[in-house]
Amino acid sequence: MDKKEIKKTIRKEIAHLKKNHTMEWQEKMSALILSKLEETDQFRNARSIAIYHAIPGEVQTESFINKWHKTKQLYLPVIENDFLKLQPYHGPDNLKAGVFGILEPASNHPVDVSDISLIIVPGVAFDKNRNRMGRGKGYYDKLLKHSQACKIGICYEFQLIDEVPSESFDVPMDVVITESKVI
């Protein structure tokens with residue numbers, strides 16, 4: 001089986017596992033994961049943080065964003081064509097549904113990714129070597145390859161697999177955090 005087929009199989013398996021968990025469970029585990037994130041030096045020292053607004057099945061970030069947006073400069077991704085642009089977050093009243101129905105800032109003031117000190121990254125799966133597999137569009141890999149920021153992947157424990165098939169364009173994380181581990 002080639003890497004593309006292996007990734008397709010992994011995505012299908014993880015999607016099946018996600019169905020076993022209620023939104024209440026996701027919220028509880030997300031709080032544990034984000035609490036571990038808050039304890040890292042990378043988070044404590046970061047002045048500008050890119051983070052995503054979660055969709056169902058991902059580590060839920062809404063309460064975390066609302067908690068920190070007044071004390072840290074937060075940026076959310078906006079999909080433009082085949083790329084992610086980072087826009088400043090100015091509170092929940094400044095959000096609109098974007099591509100795929102994901103909430104994103106309504107304003108149009110993109111920041112250069114080099115101005116970001118920490119990027120919190122979602123993923124379908126991660127491995128112990130901090131490799132990440134996304135949904136297959138390459139949005140984050142295109143963004144991350146231009147960044148020197150610390151990259152922290154966050155996921156549920158069941159999304160941590162033995163090996164993510166990585167390719168030359170994949171950007172590994174500096175840290176991966178689950179509800180029970182910091183790698």
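The model is predicted, and local features are reported at pLDDT of at least 70, side-chain atom pairs at pLDDT 80 or more, while totals for chains, interfaces and linings use all residues. Residues are numbered from 1 along each chain as its sequence is written, and side-chain values use heavy atoms, with hydrogens and water left out.

The chain contains 5 helices and 11 strands; these are DSSP runs numbered from the N terminus, with helices (H or I) of at least four residues and strands (E) of at least two. Its C-alpha trace spans about 45 × 35 × 30 Å along the principal axes. Of the contacts with a separation of 6 or more, 66% are between residues 24 or more positions apart, a contact being a pair of heavy atoms within 4.5 Å. The exposed surface comes to about 9,700 Å², of which carbon and sulfur atoms supply 50%, by the Shrake-Rupley method with a 1.4 Å probe.

Buried residues account for 50% of the 183 residues. Here buried means under 20% relative accessible area, exposed over 50%, and partly exposed in between (1.4 Å probe, protein chains only). The largest nonpolar core has 54 residues; such a core is a set of buried Ala, Val, Leu, Ile, Met, Phe, Trp, Tyr and Cys residues joined through side-chain atoms within 4.5 Å. Among the residues with the most contacts inside this core are Leu37, Leu118, Ile119, Ile120, Ile152 and Ile154. Beyond its neighbours within four places in sequence, Ile152 touches residues including Leu37, Leu118, Ile119, Ile120, Met173, Val175 and Ile177. The contacts of Ile152 also include Thr40 and Gln42.

Thr61 is located in the loop between strand E1 (48-50) and helix H4 (62-68). A polar atom of the Thr61 side chain lies 3.2 Å from the backbone nitrogen of Ala54.

Charged side chains complete the picture. The structure holds 6 salt bridges, each a side-chain nitrogen of Lys or Arg within 4 Å of a carboxyl oxygen of Asp or Glu. One of them joins Lys7 and Glu167, with the closest N and O atoms 3.0 Å apart. Lys7 belongs to helix H1 (residues 3-18) and Glu167 to the loop between strand E10 (160-161) and strand E11 (175-177), so this pair ties together parts 160 residues apart in sequence. Lys7 is buried at 8% relative accessibility, whereas Glu167 is partly exposed at 29%.

A salt bridge also connects Lys67 and Glu38, at 2.8 Å from N to O. This pair links helix H4, which holds Lys67, to helix H2 (residues 23-38), which holds Glu38; the two residues are 29 residues apart. Lys67 is exposed at 51% relative accessibility, while Glu38 is buried at 17%. Lys96 and Glu104 form another salt bridge, at 2.9 Å from N to O. Lys96 is partly exposed at 37%, and Glu104 is buried at 5%.

Note on methods: Polar contact = N/O pair within 3.5 Å; in protein donor to acceptor, adjacent residues only side chain to side chain.
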